[in-house]
Amino acid sequence: MKTSVCIVGGGPSGLLLSQLLHLQGIETVVLERQSREYVLSRIRAGVLERGFAALMRQAQCGERMDREGEVHDGFFIAHGGQQHRIDLHKFSGGSSVLVYGQTEVTRDLYAARDLLQGVVVHNAEDVQLHDLKSSTGTYVTYRQGDETLRIDCDYVVGADGFHGVSRKSIPRDVLREYEKVYPFGWLGVLSRTKPVSPELIYARHARGFALCSLRSQVLSRYYIQVPLTDRVEDWSDAAFWDELQRRLPSSIAGQLVTGPSIEKSIAPLRSYVAEPMRYGNLFLAGDAAHIVPPTGARGLNTAGSDVHYLYQALVAHYRKGDDTGLDRYSEQALARVWKAQRFSWWMTNLLHTYPDQPAYDQQLQATELAYLFSSEKAQAALVENYVGLPY
Ligand code: FAS
Ligand code: PHB
């Protein structure tokens with residue numbers, strides 16, 4: 001098979017880029033290791049910044065998102081029994097975020113690919129990238145059953161997430177990695193219950209962080225910080241609800257509607273960046289190149305800005321023979337990636353309880369919150385990051 005751009009990974013990054021390029025007449029093939037059902041079974045992000053929502057509309061995938069997604073103009077930070085509302089609308093000149101699950105984003109993208117008869121290969125095993133530095137002979141191989149297939153292409157986009165093959169195809173003496181691993185993870189629960197709050201609540205508590213989020217008015221998403229040693233089987237639903245209530249202000253805890261978990265999982269928290277995001281004809285996008293702790297809701301949204309830059313660069317290449325965007329892609333994407341890293345690290349440190357945290361650090365953390373609640377300028381700085389820095 002021959003195509004212009006071979007995209008490894010059928011998650012939101014790969015699908016969004018494939019859809020955008022297809023609409024510009026640029027051919028792609030998406031290779032996804034898992035089945036479509038498996039990809040759609042994963043519960044991940046929940047908050048879309050304005051840039052990501054705009055990209056979905058540009059990709060002609062925004063109709064259900066705009067119909068079913070919830071526009072949120074603010075969220076709460078709970079601390080010391082109090083709740084403080086962060087006014088996104090006021091401090092961003094009228095902007096907001098859209099609460100719409102990544103599962104639905106991915107479902108909409110798959111539907112759009114099918115509608116355009118986009119080529120998405122599922123159960124593509126043992127994907128391997130070849131001759132990435134060649135000017136004419138880059139190709140990708142993969143296995144389906146006992147058949148090995150080959151795709152000749154101009155470019156490869158590695159949108160295969162943190163555990164994918166693409167980043168590992170960059171020679172070790174070229175790749176620079178930056179990582180911070182946090183001493184805790186998030187235990188997440190999805191339940192068919194009425195959300196406890198119409199807006200998100202990020203709660204800081206001596207027992208640990210908690211987050212009240214939602215997918216709709218009948219589908220709630222909750223998280224609590226847990227030690228890295230915890231396993232999901234250690235947590236019964238009853239134990240989860242009890243711990244969540246202990247970490248919320250009593251006025252909220254008393255309103256919590258509990259119910260059976262329909263999904264329950266623990267995600268470790270890490271900050272990670274791989275540089276460069278280009279190696280020859282390979283371009284990395286999304287989690288393949290960077291990971292953030294989900295505290296700042298930047299993961300999926302930063303994948304969005306990678307896709308935006310790469311899309312613009314590839315259209316300029318194929319339409320005008322202009323390679324400026326491709327040559328600048330890594331530098332341009334990383335400039336915004338690192339700002340998302342900073343914000344996610346800052347939000348995580350602001351709200352989580354570190355084991356054996358020195359008393360001075362505890363005081364500093366409480367002061368950081370007191371300063372935030374007392375300063376509109378500090379809140380405006382948080383808000384410009386949360387609604388999404390400009391592309
Ligand atoms: P993805 O990992 O979503 O997709 C990569 C795709 O590539 C997958 O479908 C995978 O099957 C496929 N693949 C992997 N290796 C392959 C190979 N060798 N060959 C072919 N295909 C291959 N972000 C938030 O903003 N908020 C959250 O609450 C949040 N929670 C998260 C929870 C978890 C457990 C995880 C892992 C991530 C979470 N994220 C969250 C971040 C998440 O939303 C990512 O940013 C988002 O999935 C990035 O999308 P992709 O870059 O497409 O990567
Ligand atoms: C979610 O709803 O899954 C969610 C929302 C906000 C975050 C992280 C996760 O910061």
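**Notebook: two ligands and their shells**

I started with ligand 1 and found one of its nitrogen atoms 3.1 Å from a polar backbone atom of Arg33. I call this a polar contact, a pair of N or O atoms within 3.5 Å. Within protein, one atom must be able to donate a hydrogen and the other to accept it, and residues adjacent in sequence count only if both atoms are side-chain atoms.

I noted that this is a predicted model, where local features need pLDDT of at least 70, side-chain atom pairs count only at pLDDT 80 or more, and totals for chains, interfaces and linings use all residues. Residues are numbered from 1 along each chain as its sequence is written, chains are lettered from A and ligands numbered from 1 in the order in which they are written, and side-chain values use heavy atoms, with hydrogens and water left out.

**Ligand 1**

I looked up two further contacts. An N or O atom in the side chain of Ser13 sits 2.7 Å from an oxygen atom of ligand 1. For the side chain of Asp287, the distance from such an atom to a ligand oxygen is 2.9 Å. Ligand 1 taken alone exposes 990 Å², and the protein buries 86% of that. I took these accessible areas from the Shrake-Rupley method with a 1.4 Å probe; for residues, only the protein chains shown count as cover.

Next I listed the shell, meaning residues with a heavy atom within 4 Å of the ligand. It has 29 residues, and Ser13, Glu32, Arg42, Arg44 and Gln102 come nearest. I sorted them into 13 nonpolar, 9 polar and 7 charged. Here Ala, Val, Leu, Ile, Met, Phe, Trp, Tyr, Cys and Pro are nonpolar, Asp, Glu, Lys and Arg are charged, and the others, Gly among them, are polar. Helix 1 (12-23) and helix 9 (299-320) each supply at least two shell residues. Helices (H or I, at least four residues) and strands (E, at least two) are DSSP runs, numbered from the N terminus.

**Ligand 2**

I counted 14 residues around ligand 2, with Tyr202, Ser213, Arg215, Tyr223 and Pro294 closest. A polar side-chain atom of Ser213 is 2.6 Å from a ligand oxygen. A backbone N or O atom of Pro294 is 2.8 Å from one. Alone, ligand 2 exposes 280 Å², of which the protein buries 97%. Strand 14 (210-216) and strand 15 (219-227) each give two or more shell residues. Strand 14 gives the largest share, 3 residues.
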